[in-house]
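Me: I would like to go through a protein model with you. Could you take my questions one at a time?

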Amino acid sequence: EDCEKCSQFTICDEYKCNSLGAACEFKNDNGEEACIYANRGDTTPPVIDLLPITPLTDNDFDPVGGSLNTGYQFNDQIPSYSSLEIGIKTNERSQCKISSLTGKTYDEMTNPFGNAQYLYEHKMTIPVSSEEELNGDQIVINKAGQSYTFYVKCQDVNGIKNLHDYFIKFNVNNAPDKQARG
């Protein structure tokens with residue numbers, strides 16, 4: 001709501017505009033510079049959807065869920081003992097978080113999905129952990145032959161947050177670890 005205060009500076013530039021709030025957007029139309037409050041009337045949370053990471057395409061995934069909770073599942077099993085790149089996209093600039101635990105609110109979630117910037121596309125790598133048992137809300141793949149479900153929620157620049165989980169599901173094959181470690 002403070003976006004208009006940018007005009008109080010001697011020079012209002014993109015950096016100063018963005019520093020006034022996540023919903024502030026710097027415009028330069030026909031030489032007219034302004035810092036405006038984007039999406040002032042927005043009252044709906046971001047819509048989350050699949051973002052396939054190359055070389056994968058939409059055909060490598062199946063949609064899952066019902067009317068409230070939706071998401072996607074990988075069609076093929078993920079190779080054991082390998083990291084996994086996942087992605088989502090939103091219909092508006094958003095910050096997103098991911099959890100291995102269902103039912104958490106956006107504010108209760110502690111793991112950022114990718115980075116903490118307000119973006120349309122969010123990507124991250126889920127690492128492999130050699131630990132047998134994990135404590136807390138860890139975002140890792142730690143067992144071959146297991147099914148995993150991670151839960152995502154986002155908030156837009158106006159602070160409107162998803163109430164329902166977006167799912168990302170995959171199965172890890174049960175092949176033995178053949179990688180040299182040391």
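**Disulfides and cores**

Reply: Let us begin with one link in this predicted model. The torsion about the S-S bond of Cys6 and Cys12 is about 105°, so this disulfide is right-handed.

Me: How far apart are the sulfur atoms of Cys6 and Cys12?

Reply: The S to S distance in the disulfide that joins Cys6 to Cys12 is 1.9 Å.

Me: And are these two cysteines buried or exposed?

Reply: Cys6 has a relative accessible area of 1%, so it is buried. Cys12 has a relative accessible area of 16% and is also buried, because the cut-off is under 20%.

Me: How many disulfides does the whole structure have?

Reply: A search of the whole structure finds 4 disulfides. If the bonded cysteines are counted along the chain, the pattern is 1-5, 2-3, 4-6, 7-8.

Me: What can you tell me about Cys3 and Cys24?

Reply: Cys3 and Cys24 form a disulfide with their sulfur atoms 2.1 Å apart. The torsion about their S-S bond is about -95°, so this disulfide is left-handed. Cys3 lies in the segment before helix 1 (14-19) and Cys24 in strand 1 (residues 24-29), so the pair ties together parts that are 21 residues apart in sequence. Both Cys3 and Cys24 are buried.

Me: Which cysteine is Cys17 bonded to?

Reply: Cys17 forms a disulfide with Cys35, and their sulfur atoms are 2.1 Å apart. The link of Cys17 and Cys35 has 80° about the S-S bond and is right-handed. It connects distant parts of the chain, since Cys17 is in helix 1 and Cys35 is in strand 2 (residues 32-37), 18 residues apart.

Me: Why do Cys17 and Cys35 count as buried?

Reply: Buried means under 20% relative accessible area. Cys17 is at 0%, so it is buried, and Cys35 is at 6%, so it counts as buried too.

Me: Changing topic, what about the largest nonpolar core?

Reply: The largest nonpolar core has 24 residues, of which Ile86, Ile88, Val152 and Phe170 touch the most other members. The elements that give two or more residues to this core are strand 3 (48-50), strand 5 (70-74), strand 6 (84-99), strand 8 (119-126), strand 9 (147-156) and strand 10 (166-171).

Me: Which strand gives the most to this core?

Reply: Strand 6 gives the most, with 5 residues.

Me: What does Val152 touch?

Reply: Leaving out residues up to four places away in sequence, Val152 touches Ile48, Ile88, Cys96, Lys97, Ile98, Met109, Phe113, His164, Asp165, Tyr166 and Ile168.

Me: Now the backbone. What kind of peptide bond joins Thr54 and Pro55?

Reply: The bond joining Thr54 and Pro55 is cis, with omega about 15°. Pro55 lies in the loop between strand 3 and strand 4 (61-65).

Me: And what is phi for Tyr81?

Reply: Phi of Tyr81 is near 60°, a positive value in a residue other than glycine. Tyr81 lies in the loop between strand 5 and strand 6, and at 31% relative accessibility Tyr81 counts as partly exposed.

Me: Why point out these two backbone features?

Reply: Most residues other than glycine have a negative phi, and most peptide bonds are trans.

Key. Residues are numbered from 1 along each chain as its sequence is written. This is a predicted model: local features need pLDDT of at least 70, side-chain atom pairs count only at pLDDT 80 or more; totals for chains, interfaces and linings use all residues. Side-chain values use heavy atoms; hydrogens and water are left out. A nonpolar core is a set of buried Ala, Val, Leu, Ile, Met, Phe, Trp, Tyr and Cys residues joined through side-chain atoms within 4.5 Å. Buried means under 20% relative accessible area, exposed over 50%, partly exposed in between (1.4 Å probe, protein chains only). Helices (H or I, at least four residues) and strands (E, at least two) are DSSP runs, numbered from the N terminus. Contact means heavy atoms within 4.5 Å. A disulfide is a pair of cysteine sulfur atoms within 2.5 Å.
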